[in-house]
Structure formats: C-alpha cells, structure tokens
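Hello,

Here is the structure I promised to pass on to you. Please open it beside this message as you read.

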Amino acid sequence: MAGYFRDVKEETVKYFLYPVFGVSKKEKDVDFWLKDLAEKYTYSLGHYLASYIWQVEQFNLNHFVGSCPSDKNKGFLPHLKGTTYFGDNVEDEWFIVFLLLELSKKYPDLVIKVEDSDGEFLLIETAEFLPKWVNPETSENRVFLYQGQLHLIPIAHTPAEVTPLPSGTPALEDAIMVVREYSSITVANQDIQNALKKRISGYPAKIQELQHRAHCYVPAGVATILKHEPQLVSDAVHAFYYRDLLDLKVCRSMRYFPPETRIMREILFTRCLYAQLLQQNYQPDRLVGWNLPPQNSPQFKAHDLGMKLACGLEILVAGAKNTLDAPGSHLKTVDFSDDPRWSKFIQNLKMNGYFKGELEGSRLYKQLLQQAQAFYGSTLGNSEDEYISTSGKILQLLNKLDIDLDKLKEEERQLNPPDDDSWINISSEQLEALLDEKRVGLAGREEESYQERQEEMIGKAITESLKEFLQHTSGLEGVEAPKPPPRRKKKINNNKVDFDASNFSDTVHSILDFKEPDSSEGSSSGMSDYSGEDSDIDLSEESKTNEASYGRNRENLVKEMKEYMGVMDEELAQTNIGLSFERILPSQPTTSSQQVDQKQEENKNQTLSTEGDHLQVQPIDVDLTVLKNILESYNSQQGMPGPATSILSSMGFQLPENADSM
C-alpha cells in the first residue's frame with residue numbers, strides 16, 4: 001500500500017496534523033510554535049483522554065519541522081504527528097479518529113491525515129459507497145479530515161478541472177492546499193460521511209460503555225499503584241498475556257507483590273483487557289501462597305483476576321533492574337499547587353464538563369481528579385528528556401508511594417458491586433443478528449455488481465445499434481430503414497448514368513480510412529459502368545494507359561492525404577483536442593482487470609507520444625468515444641428533449657436516471 005506506512009508494524013495507526021503555517025516564522029520559532037500547538041490540542045481533548053484506558057499506547061502528539069516521509073517535494077511543511085500501537089483493541093483506533101474529527105471541528109484550518117498499516121482504513125470502512133475510480137493506487141494523498149468531515153480529492157477528468165484538482169499522485173502540500181481552498185469539491189458524498197459517522201457513533205459516551213469495573217483480590221502494592229496510575233492496568237495485562245518461561249520464573253517468587261497483603265479492590269478495565277485477562281488459564285505455584293478458592297466459588301473470579309494482575313506487574317518490575325541507574329530516569333513529582341500548565345489544564349477540564357457537575361470534595365470528584373492528575377503527570381507534566389520506561393515507573397512508584405493497608409481495608413468495605421460481564425458470551429440470537437447485518441451488506445454489493453453488468457450490456461447494445469443506425473438512409477422524412485439494394489445496371493441508356501450510392505460511400509470510406517477497395521467492388525467496378533453497352537469488350541490500349549495513370553494518381557492522392565493527416569496530427573498534438581477522444585491502449589500482457597484500469601488511467605492524457613522523430617498516435621476507441629459523448633449529451637439534457645434522446649428513441653432505448661456520483 002502506498003503512503004506513509006510501508007514500514008509500519010501491524011495494528012498501528014499514524015496521524016499527521018497540518019496547521020496553517022506562516023511563512024515569516026523562522027525554524028526555531030516554528031519549533032516553539034508547534035510545541036504550543038501540541039499542548040493546546042491535547043488540552044482541548046483532555047476531558048476525553050483523562051479517563052480513557054488504552055490497550056497499549058496512548059494518543060500522543062509530537063512536533064515535526066520538515067517534510068513528511070512520503071512527500072516527493074521534501075518541502076518545508078511543519079506539522080504534528082503521532083503513532084499509536086493499539087494491539088488487539090481496534091476501538092482505540094476509531095477513538096483516535098473521533099478525537100481527530102473533534103480537533104478538525106474546533107480548529108477549522110487544521111487538515112489531518114490518518115492511516116494505519118492497512119493504508120487508508122477510512123476508505124475500507126466506507127468501501128460500499130466509494131466512487132469507482134478509488135483504489136489503493138489512486139487514493140494516495142487524497143484522503144483527509146477537515147472541518148469535521150472526510151474529504152476525498154477527486155481525480156481530474158477534464159481539462160477544466162486540471163487547475164483546482166491535481167492529476168496523478170499529488171504532492172502532499174498541493175493536496176492540503178486543494179482541501180482548504182476547494183473544500184466544497186473535495187468533501188465526500190453524504191453516504192460516505194454517514195458510514196464514517198456510524199462507525200464512530202456513540203463517542204464520547206461509548207468510552208464508559210467499553211469499560212468494565214471488576215472486583216480483584218490484589219496485593220496492597222498493586223492496589224496502591226493502580227489507584228495512582230489507572231492506565232498501568234493495560235501494561236499489567238499485556239505483560240501477563242504475553243508471558244514466557246522466564247517470566248514464569250519471576251512469578252514463582254513474587255518479590256515485590258507478595259500475596260499475603262491482598263485486599264479486595266475495584267479495578268477499572270476496558271472490555272478488551274478484561275476479556276484477555278479472564279480467558280487466560282494459569283495455575284500458580286502453591287508454594288507462593290495464593291491459595292485460590294475452588295473454581296465454582298463466587299469469589300474465584302476476583303482471586304483469579306487479582307493473582308494475574310499481580311503477576312503482570314511483577315513481570316514488569318523484574319525487567320527494571322538497571323532503570324534507577326540510567327541517566328534521566330528518576331521519576332519527578334509534579335507540583336500541582338504551583339504549576340501554571342496544570343491550572344490551565346484543570347480549567348479546561350471544568351469548561352468541557354469533565355467533572356460531570358460533581359461538587360469539589362465528593363467521592364466521584366476526587367476519583368476523576370486523581371485520574372486527571374495521573375494523565376497529566378504521565379503526558380503533559382514531563383518533558384521529552386524526562387522519559388522513563390513503564391517498568392522503571394512501576395518500581396519507583398512502589399518505592400515512593402505510601403502503602404496504607406489499613407486505609408485500603410477501610411475502602412474495601414465501601415466497594416460498589418462489580419459490572420455484569422454477561423456481554424463476554426454472545427447468544428445465538430446476537431450472533432444471528434450480526435450475521436444478518438453482514439448479509440445485508442453482501443446483498444448490497446451483489447446488487448451493485450449486477451447493476452454494473454447491466455450497464456455494460458446497455459453500453460454494448462447502444463454502440464451496436466449506433467453502427468446499424470449509421471447504415472440507414474436519411475431522406476426528407478427522416479431516417480429510413482435500409483432496403484435490399486436493387487440489381488445494379490451496367491448499361492448506359494439515353495445518356496443517363498446509374499449512380500450506385502453504396503459503392504460511392506464505400507469508396508469515400510476507403511479513402512478516409514486509407515484502405516484499398518476490394519477488387520470486385522469500389523472504383524474499378526464503378527469504372528466499368530462507363531465502358532459501353534457490352535461490359536465484355538476489351539479496353540483499348542489508350543484506355544489501359546488511362547487506367548494505369550488513374551491508379552498512379554490515386555496512389556499519389558492517398559499518399560498526399562496521409563502526409564496531410566500526419567501534419568494535422570503534429571499540429572493538434574500541441575492542443576487539448578485529443579483529450580476528448582478515448583484511446584486504445586497498446587496490447588500488452590496483463591494479469592488482472594485492476595492492472596488494465598491502472599494503465600488506462602496512466603495513459604488517459606497521454607494520447608500522443610514521440611519515438612525519435614516520428615509521431616506515434618494511439619488509435620481512437622471509436623465505440624467508447626461515441627458512447628461516452630452520447631451519454632454526456634443525454635445527461636446534459638437533464639430529462640428534457642434533445643438530440644441524444646431522439647437518437648436513442650429511434651433505436652428503441654430509454655436510459656434510466658444516472659445514479660452514479662463523482
């Protein structure tokens with residue numbers, strides 16, 4: 001797939017944000033400007049991000065002064081970019097699409113490009129409603145998010161569209177300019193917009209729906225760390241889910257999170273993380289001291305989940321042996337009472353309704369505030385040179401935080417009931433509903449395929465009927481159906497000449513097409529009509545000389561005509577007249593119809609080419625050109641009477657309304 005993502009690992013999404021750039025800024029000023037923009041954009045999304053638990057990596061924005069890797073011009077194009085590995089939870093990817101659309105609504109000049117390892121996944125989601133020209137090769141640098149909508153830069157089909165709409169693969173800077181200046185043209189049709197909105201429908205309320213609160217019997221250290229950094233639950237699940245033999249050795253010691261200090265705790269998961277942890281089968285070493293209840297016990301699930309979480313964090317901490325010795329690895333504490341950026345961030349959260357109208361000091365308010373502090377401390381509170389690994393962060397939190405077992409036991413008595421996890425099992429009715437939904441989509445695609453075959457049959461029928469129509473005779477009363485030609489008379493009576501219209505037409509066609517007429521017909525047979533009463537009389541020597549002279553003159557005429565047409569081709573090659581004709585591509589082996597369509601698109605505007613000093617003209621596809629012109633004429637009539645309607649009616653055709661778009 002063309003684009004940015006040739007070397008991107010699977011299950012990864014990348015996003016590029018292009019703000020309006022002032023050319024007067026110096027590179028150093030641009031660097032600070034982009035940093036401020038990254039912070040401003042993150043602040044504006046803070047009320048969504050603070051309570052969201054990511055599967056692996058979170059949404060992030062980094063500034064980049066320069067061109068994008070795929071930009072052929074390598075121009076000065078400052079932008080922000082981010083990369084998120086979402087792993088097994090594809091909802092993280094679509095949540096990022098929601099965030100980017102929200103940003104594009106709030107900042108109208110912002111143009112955004114988003115792709116993943118599959119390429120233009122937005123087009124994959126809306127594939128049922130895309131124009132026919134869209135494919136992985138033609139869509140490069142043509143898909144953007146702008147002002148809350150999906151924009152798809154169409155391919156220029158006529159010379160009038162060449163200026164606003166680039167042909168081929170546009171340079172990224174040109175594509176962004178086109179989206180901003182010609183947004184009414186580039187905005188995708190409503191069906192595509194609806195398909196995209198349907199996929200991200202429910203956000204931001206969907207954030208809560210995709211979360212799951214469960215009771216877990218965990219060591220006190222695990223409870224304290226996850227209370228301070230709820231996002232670390234994804235790291236713990238990920239570490240346990242992908243454990244190996246070396247990790248199992250660590251789990252037999254439980255040096256940092258011994259099971260003797262366990263208490264019941266409410267842990268917040270995403271549904272994906274909860275399902276991953278619940279479905280893992282693991283029997284701990286009895287010597288460690290887990291003492292799990294029987295599997296049929298109501299308490300077994302809480303004990304099992306807590307044991308797995310503790311093992312995941314133990315695996316992570318065991319990998320942080322040299323973390324404290326690494327330069328710049330010490331975890332810094334954010335002073336929330338004297339940090340102007342935190343004050344600005346918390347004010348932004350209040351304006352966007354993050355605290356849900358709760359009074360300061362209430363239990364829910366404190367919980368939300370703690371989540372916001374954890375998010376701020378892990379993202380906005382530290383600079384780029386203060387990066388610390390997850391393993392090192394857990395170890396330092398364990399050493400820094402005060403583990404108050406008595407307080408944790410008091411909170412244990414105030415726990416809310418856990419969420420119902422019946423959603424993890426799909427009933428037969430739910431499965432059937434999902435299959436029915438898919439069947440509807442497949443039926444729609446089959447109907448579209450049938451419609452395409454019908455259109456192809458109609459096109460062939462029109463061209464064949466036009467060929468037959470052109471053979472009809474046109475008189476004062478209109479076009480008449482052809483009649484069997486009468487026997488040709490070869491004698492001259494009363495000084496009158498018999499005129500054979502069909503032979504005359506064939507002769508003119510043969511001259512214009514540079515073909516020699518058949519020996520039995522054409523000019524030679526026509527000349528015999530002037531030979532006298534008896535066609536079997538031998539020609540005199542003078543007549544034979546005249547006939548040879550006529551042949552030479554005719555050959556010279558054909559040669560001069562070819563030279564004349566060649567000069568015309570050279571003159572017309574410098575104009576756009578040839579663009580109105582459809583050309584026959586040179587015959588070459590192809591492996592698929594997609595390759596044929598690609599070659600036709602590449603050669604659409606390359607009707608003339610030069611080899612040495614000789615002009616090579618690609619032959620005109622007469623049938624396709626005629627069909628295209630008559631359909632365009634029919635469409636331009638907009639349902640009113642006109643020449644195209646008259647011609648089609650005389651052939652017995654009545655075309656349906658044009659349902660195709662773009």
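Below are some notes on its salt bridges and on one pair of helices.

This is a predicted model, in which local features need pLDDT of at least 70, side-chain atom pairs count only at pLDDT 80 or more, and totals for chains, interfaces and linings use all residues. Residues are numbered from 1 along each chain as its sequence is written, and side-chain values use heavy atoms, leaving out hydrogens and water.

Side chains of opposite charge can pair when their charged atoms come close. With a salt bridge taken as a side-chain nitrogen of Lys or Arg within 4 Å of a carboxyl oxygen of Asp or Glu, the count is 11.

One of them joins Glu411 to Arg265, with the closest N and O atoms 2.5 Å apart. Glu411 sits in helix H17 and Arg265 in strand S8, so this pair ties together parts 146 residues apart in sequence. (Helices, H or I of at least four residues, and strands, E of at least two, are DSSP runs numbered from the N terminus.) Arg265 is buried, at 11% relative accessibility; buried means under 20% relative accessible area, exposed over 50%, and partly exposed in between, using a 1.4 Å probe and protein chains only.

Another salt bridge pairs Asp31 with Lys35 at 3.8 Å. Both residues lie in helix H1, four residues apart, about one turn of the helix. Lys35 is partly exposed, at 40%.

Lastly, look at helices H13 and H16: Leu313, Leu316 and Val317 in H13 meet Thr390, Ser391, Ile394 and Leu395 in H16, where contact means heavy atoms within 4.5 Å.

Enjoy exploring!
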